[in-house]
Amino acid sequence: MEKQSAENTKSPSQLIDERIEELGDWRGQMLSKVRNLIRQADPEVMEEWKWRGTPVWSLDGMICTGETYKSIVKLTFAKGASLNDPTHMFNSSLEGNTRRAIDFHEGDEVDEEALTELVRAAIALNKSGSKTSRKG
């Protein structure tokens with residue numbers, strides 16, 4: 001109970017900062033890097049902390065979550081199946097009708113331009129109120 005009440009007094013950004021620090025390895029570095037790219041894609045992006053410890057980025061709806069596991073950092077895009085992905089960033093959760101994810105492993109390089117474009121496309125889709133932004 002103490003931990004939960006302490007979490008309630010901190011902002012989502014502070015909780016994400018703490019998660020990055022407590023990971024203390026490549027996963028923290030990767031989470032920090034993708035977080036910065038998401039926030040740079042649009043300065044109005046809001047950070048949230050949901051489901052007992054999952055970083056979430058939103059703007060006019062959920063953009064993506066940032067989950068950390070033992071061997072991956074996973075960015076799950078809420079409406080990823082509706083996004084155009086010309087560089088094939090999505091490499092996980094490909095079978096679903098709604099979500100798509102990017103699994104980053106230790107040593108992976110982030111295609112910063114492609115990730116930024118995916119985030120911007122997700123924001124545009126949220127703002128349009130549409131269920132699809134896929135072209136052709």
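Tutor: Helices here are DSSP runs of H or I, at least four residues long, numbered from the N terminus. The model is a predicted one.

Start with the whole chain. The secondary structure comes to 4 helices and 5 strands. From the N terminus on, the order is α-α-α-β-β-β-β-β-α. Buried residues make up 46% of the 136 residues. Take contacts between residues at least 6 apart in sequence: 51% of them join residues at least 24 apart. The accessible surface is about 8,000 Å², and carbon and sulfur atoms account for 45% of that.

Now the helix to look at: α4, residues 112–128. At 1.5 Å a residue, its 17 residues should span 24 Å, and the end C-alpha atoms are 24 Å apart, so the two agree. Just after α4 comes Gly129, with a positive phi of about 75°.

Next, its buried residues. They are Ala114, Leu115, Thr116, Leu118, Val119, Ala122, Ile123, Leu125 and Asn126. An α-helix has 3.6 residues a turn, so residues three or four places apart point the same way. Follow that spacing through Leu115, Leu118 and Ala122, which are among the buried residues of α4. What covers the buried residues? The cover includes helix α3 (26–41) and the strands β3 (62–68), β4 (73–77) and β5 (100–104).

Arg39 lies in helix α3. Arg39 has a relative accessible area of 37%, so this residue counts as partly exposed. Arg39 and Thr116 are 77 residues apart in sequence, yet their C-alpha atoms are 9.3 Å apart in space. Thr116 belongs to the buried set of α4.

Finally, the empty space. Rolling a probe the size of a water molecule over the atoms shows where empty space is left. The count is 1 cavity of 30 Å³ or more. The largest cavity has a volume of about 40 Å³. Its lining consists of Met62, Ile63, Phe77, Ala78, Lys79, Gly80, Leu83, Ala122, Leu125 and Asn126. The largest share, 3 residues, comes from α4. By class, the lining has 7 nonpolar, 2 polar and 1 charged residues. Ala122, Leu125 and Asn126 line this cavity, and they are also among the buried residues of α4.

Conventions: Residues are numbered from 1 along each chain as its sequence is written. This is a predicted model: local features need pLDDT of at least 70, side-chain atom pairs count only at pLDDT 80 or more; totals for chains, interfaces and linings use all residues. Side-chain values use heavy atoms; hydrogens and water are left out. Helices (H or I, at least four residues) and strands (E, at least two) are DSSP runs, numbered from the N terminus. The expected span of a helix is 1.5 Å times one less than its number of residues. Buried means under 20% relative accessible area, exposed over 50%, partly exposed in between (1.4 Å probe, protein chains only). Contact means heavy atoms within 4.5 Å. On a 1 Å grid over the protein atoms alone, a cavity is a set of points where a 1.4 Å probe fits but cannot get out, and a pocket is an open set with protein on both sides within 12 Å along at least five of seven lines; lining residues have an atom within 4 Å of a point. Grid points are joined across faces, edges and corners, and a volume is the space filled by probe spheres set on the points. Ala, Val, Leu, Ile, Met, Phe, Trp, Tyr, Cys and Pro count as nonpolar, Asp, Glu, Lys and Arg as charged, and the others, Gly among them, as polar. Accessible areas come from the Shrake-Rupley method with a 1.4 Å probe; for residues, only the protein chains shown count as cover.
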